[in-house]
Amino acid sequence: MDDYVCIAPDVKLGANVKLGKFINLYGCEIGDETKIGAFVEIQKHAVVGRRCQISSHTFICEGVTIEDHVFIGHGVTFINDSYPRATTPDGALQTASDWKVERTLVKQGASIGSGATILSNVTIGERAIVGAGSVVTRDVPADAIVAGNPARVRRSVAGKAIDPGSPKS
């Protein structure tokens, strides 16, 4: 490690993890052979699987689980609170006890394009692709390609139409 990398002692790093400069990792778990780009922050209780690529300027907050073989583009932001507030109803600054972490799951082999925002309480299915700049507000089916704000199913990875009755994002 060097002066440009901040890794807390409670981080669990797998074998052969490659780390960029100016990263901040604390209380998280990173799987074997994963690559973490420059200017990435991964918070406590976040899990990143094996052989993932986390591109630069990405923020992975508490409550996010990323399974194996996932690609995360540049500047992707994950959210873990649907109703964020700085203060409690009586005006005091909020503490960790004033809110509950909301979970997000990115399943194996999914890809998330640069600049996407992933809201909490969603699952991105196996091998799904989230287009660059998309805002994911709902679950994404396996093998679906979604894009837009809010992200909507465009087609399947194989180029076929997705059943309109299937979950959309």
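Begin by selecting Asn80, which touches Gln43, Cys61, Glu62, Trp99, Lys100, Val101, Glu102 and Ser120, leaving aside residues up to four places away in sequence; contact here means heavy atoms within 4.5 Å. The structure on display is a predicted model, in which local features need pLDDT of at least 70, side-chain atom pairs count only at pLDDT 80 or more, and totals for chains, interfaces and linings use all residues. Residues are numbered from 1 along each chain as its sequence is written, and side-chain values use heavy atoms, with hydrogens and water left out.

Stay with Asn80 for a moment. Asn80 is found in the loop between β13 (77-78) and β14 (104-106); strands (E, at least two residues) are DSSP runs, numbered from the N terminus. Asn80 is buried, with a relative accessible area of 12%. The term buried means under 20% relative accessible area, exposed means over 50%, and partly exposed lies in between (1.4 Å probe, protein chains only). Now display the side chain of Asn80 together with the backbone of Glu62: a polar atom of that side chain lies 2.9 Å from the backbone oxygen of Glu62.

**The sheet**

Next, switch to a cartoon view and select the strands β2, β5, β8, β11, β14 and β17. In that order they form an open sheet of six strands with parallel pairing; two strands pair if DSSP finds at least two bridges between them. The edge strands are β2 (12-13) and β17, each of which pairs on one side only. Strands of a sheet pair through backbone hydrogen bonds, either parallel or antiparallel. Zoom in on β11 (residues 64-66), which runs parallel to β14 and is joined to β14 by three bridges. Select Ile66 in particular: the bridge partner of Ile66 in β14 is Val106.

**The salt bridges**

How many salt bridges does a search of the whole structure find? The search finds three, where a salt bridge is a side-chain nitrogen of Lys or Arg within 4 Å of a carboxyl oxygen of Asp or Glu. Side chains of opposite charge can pair when their charged atoms come close.

Select Glu33 and Arg51, whose closest N and O atoms are 2.7 Å apart in a salt bridge. Glu33 lies in the loop between β5 (29-30) and β6 (35-36), and Arg51 in the loop between β8 (47-48) and β9 (53-54), so the pair ties together parts that are 18 residues apart in sequence. Glu33 is partly exposed at 34%, and Arg51 is partly exposed at 43%.

Move on to Glu126 and Lys107, which form a salt bridge with the closest N and O atoms 3.4 Å apart. Glu126 belongs to the loop between β17 (123-124) and β18 (129-130) and Lys107 to the loop between β14 and β15 (111-112), so this pair ties together parts that are 19 residues apart in sequence.

Then select Arg127 and Asp143, whose side chains meet in a salt bridge (2.7 Å, N to O). Arg127 is in the loop between β17 and β18 and Asp143 in the loop between β19 (135-136) and β20 (144-148), so the pair ties together parts that are 16 residues apart in sequence.

**The surface patch**

Finally, show the surface and select Tyr4, Phe22 and Phe39, which make a nonpolar surface patch of about 320 Å². Such patches are made of residues with over 30% relative accessible area and no salt bridge, with like charges joined within 9 Å and nonpolar side chains (Val, Leu, Ile, Met, Phe, Trp, Tyr) within 5 Å. Accessible areas come from the Shrake-Rupley method with a 1.4 Å probe; for residues, only the protein chains shown count as cover. Tyr4 is placed in the segment before β1 (5-7) and is partly exposed, with a relative accessible area of 45%.

Technical notes:
Helices (H or I, at least four residues) and strands (E, at least two) are DSSP runs, numbered from the N terminus. A polar contact is a pair of N or O atoms within 3.5 Å; within protein, one must be able to donate a hydrogen and the other to accept it, and residues adjacent in sequence count only if both atoms are side-chain atoms.
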